[in-house]
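Biologist: Can you walk me through the side-chain contacts in this one? Let's start with the rings and then move on to the charges.

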Amino acid sequence: MSVNRCMHLFRLRRRMSALTLSSTGALPDSRVCYGSTLRSNQHSPNSLSCIRGISSNSSSSTTPDTSLFVPLAFKADGSVEGSVGAELTQPLDKSELLKVLNRFYKRKEMQKLAADQGLDARLFHQAFISFRKYVLEMNALGAALHIILNDICCGAGHIDDIFPYFMLHAKQIFPMLDCMDDLRKISDLRVPANWYPEARAIQRKVIFHAGPTNSGKTYQAIQRYLTAKSGVYCGPLKLLAHEIFEKTNGMGVMCDLVTGEDRTFMDPEGRPAGHVACTIEMCSVNTPYEVAVIDEIQMIRDTSRGWAWTRALLGLCAEEIHVCGEPAAIDFVRELMYTTGEEMEVHTYKRLTPFSISDSALESLDNLRPGDCIVCFSKNDIYSISRQIEVRGLECAVIYGSLPPGTKLSQAKKFNDPEDPCKILVATDAIGMGLNLSIRRIIFNCLVKPNVNEKGEKHMETISTSQALQIAGRAGRFSSKFTEGEVTTMHRDDLVVLKDILSRAVEPIQTAGLHPTAEQIEMFAYHLPDATLSNLIDIFVSLSRVDGMYFVCNIDDFKFLADMIQHIPLNLRTRYVFCTAPINKKQPFVCTSFLKFARQFSRDEPLTFDWVCRHIRWPLPAPKNIKDLVHLEAAHDVLDLYLWLSYRFMDMFPDTAGVREIQHVLDDTIQQGVRNITRLIRATDPAAGAEALGRGGGGGGGGAAPPRGRGASNRAPRLGVGQSSSLASRLVKDGLLTPDLLRQLQSEWSKEAAPPRPEGPRKNKKK
């Protein structure tokens with residue numbers, strides 16, 4: 001017995017030695033090789049010294065958010081030597097064992113030692129609960145652990161001898177503890193320029209075209225793009241990419257169009273043309289070009305999409321990179337180019353036509369004039385204001401973010417047409433870029449809009465100087481019939497605020513967005529195979545390290561989709577692609593469709609044209625009210641989602657031609673509905689309409705006013721007292737109603753509320 005006991009103690013020492021090695025950073029050979037492969041693939045040879053500097057500092061990293069670490073169910077070792085421990089010693093007394101374990105848990109030295117191994121107080125507690133359950137409930141423990149516990153219970157061992165076994169258990173339920181160094185290296189985002197070795201292998205010339213809106217900066221960059229042998233235009237919107245696509249082909253230069261939902265090749269045989277116009281997320285960082293144009297570079301700081309501008313600026317393989325945007329981005333882009341060793345040339349432009357700030361606010365819709373554009377930050381406000389304009393006998397065009405591109409162009413054409421009686425435009429800030437509009441005066445309905453910060457928190461805030469200039473600059477556009485622009489506000493109090501906003505200098509850009517790639521998440525999953533995609537993303541962001549020039553973009557929408565389809569069996573790469581789909585999560589019908597698409601895909605059943613038609617219940621009738629119009633917009637988004645997925649999984653989404661055809665028909669139906677929008681508003685029940693609009697989302701959120709038809713004052717309660725006040729405060733809190741708009745509505749409803757008309761005796765008696 002003594003010989004066997006010595007042998008088990010010898011095994012114990014070997015296990016403790018192995019644990020000590022792992023605590024100092026040693027990892028299994030396969031993982032070391034995997035990490036070294038990652039580094040050699042990601043970085044170009046001329047940046048090895050920089051990589052060594054990063055590797056040497058890898059231990060001094062930020063503390064991860066351990067609340068994201070989900071413990072796995074413990075799997076007992078099948079090689080446990082039966083009841084050998086009990087035969088060598090004696091059965092363990094469970095009550096005495098519980099006392100020993102609790103004493104171990106309370107020892108500060110053990111907690112400190114565990115913290116050195118990556119177990120903070122939260123993880124230490126969770127690991128101990130699992131370890132205690134394992135020790136007390138297992139019928140047969142490993143012989144070495146059984147002997148150690150027996151010795152401690154008998155007073156022949158020290159309680160600290162439990163620690164190696166506790167750590168082995170902890171690393172089984174928290175596998176990330178064993179590979180934390182690898183995870184930190186994978187999520188090290190401090191030198192994103194080294195992710196693009198093809199771009200670093202050439203010396204690029206960077207030209208920054210800086211100026212305000214309507215200064216001709218993009219025009220100058222496009223002129224160089226048109227004369228190049230090959231080129232790529234990267235724009236923020238499908239409308240802009242489509243405009244450049246048509247303009248380039250109209251100039252006799254063959255150009256393809258690439259957006260998330262569309263691929264148009266001009267060559268009859270499908271060969272790629274030398275020029276391509278694309279949305280910025282779709283640009284290729286592997287294809288060589290002579291000239292690349294990156295439009296609206298100031299969006300590099302956008303909390304949701306900024307990563308796409310960072311990727312294009314650092315990764316495009318072009319001899320010349322023409323960057324267009326606000327002067328506030330010049331210093332930052334120059335500093336970014338220092339990290340790539342590339343010099344930057346700056347061309348500055350002034351506005352081609354002047355615009356001025358009016359000395360008076362509009363105050364009443366009766367003061368509208370031809371060429372006016374009222375800018376709202378809510379689709380709901382658009383419905384309300386367009387209805388009030390129609391009551392005054394005026395026609396207006398309507399543009400907001402969730403409208404299909406064809407409908408936006410149709411409404412813009414209607415507003416621009418000098419022969420059309422429509423001379424007023426009501427729009428969200430979606431007009432800030434992507435549409436050529438003949439606007440004489442911009443009128444801000446309000447100056448606050450909902451904003452989402454880097455943490456995903458939504459709050460109301462006053463528009464920035466950059467946003468105000470982007471919108472105000474649409475007035476008096478060069479080549480339009482108005483040679484001078486004007487800007488004002490709807491309310492007198494806002495005009496002072498607007499003047500203050502426009503008088504400030506635009507805040508300089510200081511950071512650029514980044515986003516974890518599919519390859520990085522796959523490498524994370526290699527180490528954490530049992531984690532969900534949402535959990536992998538959370539851990540990645542928690543461990544990620546960026547320098548002062550970058551930030552990790554908001555990933556709430558990605559995680560929302562990942563959680564929605566987590567229960568559906570998909571491989572990781574497919575799941576990742578699905579979760580990058582650009583859908584509006586505020587649309588229940590779109591989210592339901594997304595879920596059905598993923599489920600059908602997981603069954604390996606192609607989503608055919610007939611299947612899609614059954615799902616959206618095609619053909620869809622013309623809208624009879626606003627709720628119907630919102631549903632048509634959602635159905636259009638569903639077809640967009642199908643087309644987006646079809647270019648990533650062609651065999652599973654095969655019927656793009658048929659889907660695109662019915663999407664064009666649906667676009668025409670929506671256009672007809674928008675042309676008759678005031679009739680739809682009148683046909684919408686106020687309560688149901690407000691509910692539908694609240695679900696529908698749209699061009700930017702913000703203040704909301706329920707649409708009111710004729711006589712609506714008899715149905716709508718006055719907001720202010722009793723139960724109505726709670727509704728009003730809730731609408732304001734949720735960002736669906738602004739305080740100014742609430743006061744305006746209260747004033748209007750009180751004026752319209754007429755005293756009850758005297759009724760006949762029979763009605764009075766009945767009443």
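Biologist: Which residues do ring pairs link into a cluster?

Modeller: Keep in mind that this is a predicted model. The cluster joins Phe 104, Tyr 105, Phe 124, Phe 128, Phe 131, Tyr 134, Phe 163 and Phe 166.

Biologist: How many aromatic pairs does the structure hold?

Modeller: There are 20 aromatic pairs. One of them is Phe 601 with Phe 653, and that pair is stacked. Their centres are 6.4 Å apart, with 25 degrees between the planes.

Biologist: Where do Phe 601 and Phe 653 lie?

Modeller: Phe 601 is in helix α24, while Phe 653 is in the loop between α26 and α27. The two are 52 residues apart in sequence, so the pair ties together separate parts.

Biologist: Are Phe 601 and Phe 653 buried or exposed?

Modeller: Phe 601 is buried, and Phe 653 is too.

Biologist: What sits over the ring of Trp 644?

Modeller: The charged end of Arg 648 does, 3.7 Å from the ring's centre. Elsewhere, the charged end of Lys 585 sits over the ring of Phe 560, 5.4 Å from its centre.

Biologist: New topic. How many salt bridges does a search of the whole structure find?

Modeller: It finds 34 salt bridges. Among them is Lys 205 with Glu 345, whose closest N and O atoms are 3.8 Å apart. Lys 205 lies in strand β1 and Glu 345 in strand β8, so this pair ties together parts 140 residues apart in sequence.

Biologist: Which residue forms a salt bridge with Arg 224?

Modeller: Glu 320, with the closest N and O atoms 3.1 Å apart. Arg 224 is in helix α12 and Glu 320 in strand β7, 96 residues apart. Arg 224 is partly exposed at 23%, whereas Glu 320 is buried at 16%.

Biologist: And what does Asp 372 form a salt bridge with?

Modeller: With Arg 441, and here the closest N and O atoms are 2.6 Å apart. Asp 372 is in strand β10 and Arg 441 in strand β13, 69 residues apart. Both Asp 372 and Arg 441 are buried.

Biologist: Which residues do salt bridges that share partners join into one network?

Modeller: Arg 369, Asp 372, Arg 440, Arg 441 and Glu 486.

Technical notes: Residues are numbered from 1 along each chain as its sequence is written. This is a predicted model: local features need pLDDT of at least 70, side-chain atom pairs count only at pLDDT 80 or more; totals for chains, interfaces and linings use all residues. Side-chain values use heavy atoms; hydrogens and water are left out. Rings of Phe, Tyr and Trp (its six-membered ring) pair if their centres lie within 6.5 Å; planes under 30 degrees apart count as stacked, over 60 as edge-to-face and the rest as tilted. Helices (H or I, at least four residues) and strands (E, at least two) are DSSP runs, numbered from the N terminus. Buried means under 20% relative accessible area, exposed over 50%, partly exposed in between (1.4 Å probe, protein chains only). A charge sits over a ring if NZ of Lys or CZ of Arg is within 6 Å of the ring centre and within 35 degrees of the ring normal. A salt bridge is a side-chain nitrogen of Lys or Arg within 4 Å of a carboxyl oxygen of Asp or Glu.
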